[in-house]
Every structure is written in structure tokens, then in C-alpha cells.
Amino acid sequence: MSVRYFVVDKDHLLCDEHGTPALLTGGMVDGAICLGFGEVHDETPTTSPHNDFAIDKSDAIKAGLIIAYGDKYDSTTLKSLSFLPYRQVIAHTDLSTAHAMSRAVQLVLWRRDHRFCSRCGAATTPHRHEHAMMCGHCRHRAYPRVQPCVIVAITRIHPTTQKRQILLALHQRHKDSGMYGLVAGFVEAGESLESAVHREVAEEVGLGVTNLRYAGSQPWPYPTNLMLGFIADYQSGEIVVQENELAEAKFFDVDQLPHIPKPSTIAHALIEQVVSLPVSN
């Protein structure tokens, strides 16, 4: 049976010279991970020909799917391939492919991180009929875990100019690029999404918000996140940034935005939604 492979190296994917993900075609090989969803409880393996697969770079080389020379790779049909970071590759793909690549990166990372049982330390093996790593000693199963994160676009009407504004923050890691993004953070154990939004906004920029509305989601493989997007209205407070996280945060008129995240990201989508809102609430 011939299947298609995304080849993964940490958070990088094998791409052609145009920056497009290179889906390699070949037979089933050891280490391949089916990207199909759902569990199979009978004796039919999850190797449908309609599903794509993910494979780690080392397994792809071992199986002969790719041959390395210098910093480039060849397959039997494609030449001069290289590994590019997911953040870069998604700018050249549609949404469906971006989600498949995110799943490929996350599943390869999950399998690499669960080679040994977290309960007893024995070696694990992949389950045949579902995404789980099985311990041969204590029978514990480790499933892929998704870490929920909230990301929020905060908007207000300027009290003097009556223009719509959006709060954008310059993260410490983006100081050199000058890219402004949104307030975001992990959901903690026992916390609702709404509580996480209020907490993260208060922690990072010292503001209170109201009128939360869910606006969409995006799987994000850094490392295994599900970004849950919200739009909220400014309610109270003065901006005080959490200095270990942010270099700056301020409200921008929506017609005078700074450098913002790429169109393929949920941050960009949320900003665009705010830009399209009417001035009056």
C-alpha cells in the first residue's frame, strides 16, 4: 500500500525549494504515524490509504525515504529538500494542510517523548489500533495530550477620537523583529477558559475586560497547544506590563497597526476580526 508522509524534525517539516511541504509517497515503514482521527477497537489497523502519515527524520532516513547530503535531502522523486520551521511553512499552505502539519509535528514529538512508561519506567510500544504508547510491564497507556491556551484580542473605542482600537503587545522574544501580538497564556488545571482569559489579561497587562466572545481555534505545535481565541472589550485599569513576558503593550487605532503576526495565525485572524468591527458596540 502506498501512502504519503510528512517528514518531521522537531518543529521543522521537510519542504521543497519553494517552501512548500514535501509529501513523500512510499510503502508502509517502521515509525510511521497515521494522521487519521478516531479510535479503532476491532482488528482493522489504522492504516487507511486515505490517511497521510508522519515520520521522524531519522526513521525516514533509515527507511530510505530520503537521503541526506550536506544540509539538503533527496527523495526518489524530489531533490534539494530542506527542513523549515512550522511557523514559516504555514504561510505557504492552506488551512487544512497547516492543521495536518501541526498534527504531524505533535504526534512525532509525543511518540519520541513517551518511549518509556511514566509510571514504571519500562519501554513502551505503539498501540496497533489507536494513538497510544503501551507499557509492556504495567499496561499503562500514554495518549497524546493537548495543552489548551487562550489568546485574546482586547478592543475599545478611544474616548476622545471615537476610533476603534486594539491592544497589542510586544513580547520580549519579538523585540528584535518588532512584531506585536496578543495577550495569550496556558489554561491552568481546574480553570475555565473564561477565568484563564481574565487572569492572563490581568497578569500580563494589568487590565480588566468584559463581554468575552469565542472567536475560533488553531492547533499550534509549540509544543502541543490548542489556541482558543477570544475577543473582549476593555473594562478598566491602566496598562502595566509583566516585564519578564512583555517589553511593551498599548492600544493602537485599527487603521494604524504595527507589524503583526502572519495571516496564517489565529492572532492575525483575531486582529482582522477586530478591525472589521463597527465603531459602535
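**The largest pocket and its setting**

Modeller: Start with charge: the mean positions of the 25 positive and 31 negative charges of the protein chain lie 4 Å apart. Here Lys and Arg count as positive, Asp and Glu as negative, and His and the chain ends are not counted. Each charge is placed at NZ of Lys, CZ of Arg, CG of Asp or CD of Glu.

The model is predicted: local features need pLDDT of at least 70 and side-chain atom pairs pLDDT 80 or more, while totals for chains, interfaces and linings use all residues. Numbering runs from 1 along each chain as its sequence is written, and side-chain values use heavy atoms, without hydrogens or water.

The protein chain has five helices and 18 strands. These are DSSP runs numbered from the N terminus: H or I of at least four residues for helices, E of at least two for strands. The C-alpha trace spans about 65 × 45 × 30 Å along its principal axes. Of the 281 residues, 43% are buried, meaning under 20% relative accessible area with a 1.4 Å probe, protein chains only.

Now the part itself. The largest pocket holds about 840 Å³ of space. Its lining has 32 residues; Arg87, Arg173, His174, Ala184 and Trp220 are the closest to its centre. A pocket is an open set of points on a 1 Å grid over the protein atoms alone, with protein on both sides within 12 Å along at least five of seven lines; lining residues have an atom within 4 Å of a point. Points are joined across faces, edges and corners, and the volume is the space filled by probe spheres set on them.

Which elements build the lining? At least two residues each come from β12 (147–157), β13 (164–171), β14 (180–181), β15 (183–186), α4 (193–205), β16 (208–220), β17 (225–236) and α5 (266–275).

An α-helix has 3.6 residues a turn, so residues three or four places apart point the same way.

Terms used: Buried means under 20% relative accessible area, exposed over 50%, partly exposed in between (1.4 Å probe, protein chains only). On a 1 Å grid over the protein atoms alone, a cavity is a set of points where a 1.4 Å probe fits but cannot get out, and a pocket is an open set with protein on both sides within 12 Å along at least five of seven lines; lining residues have an atom within 4 Å of a point.
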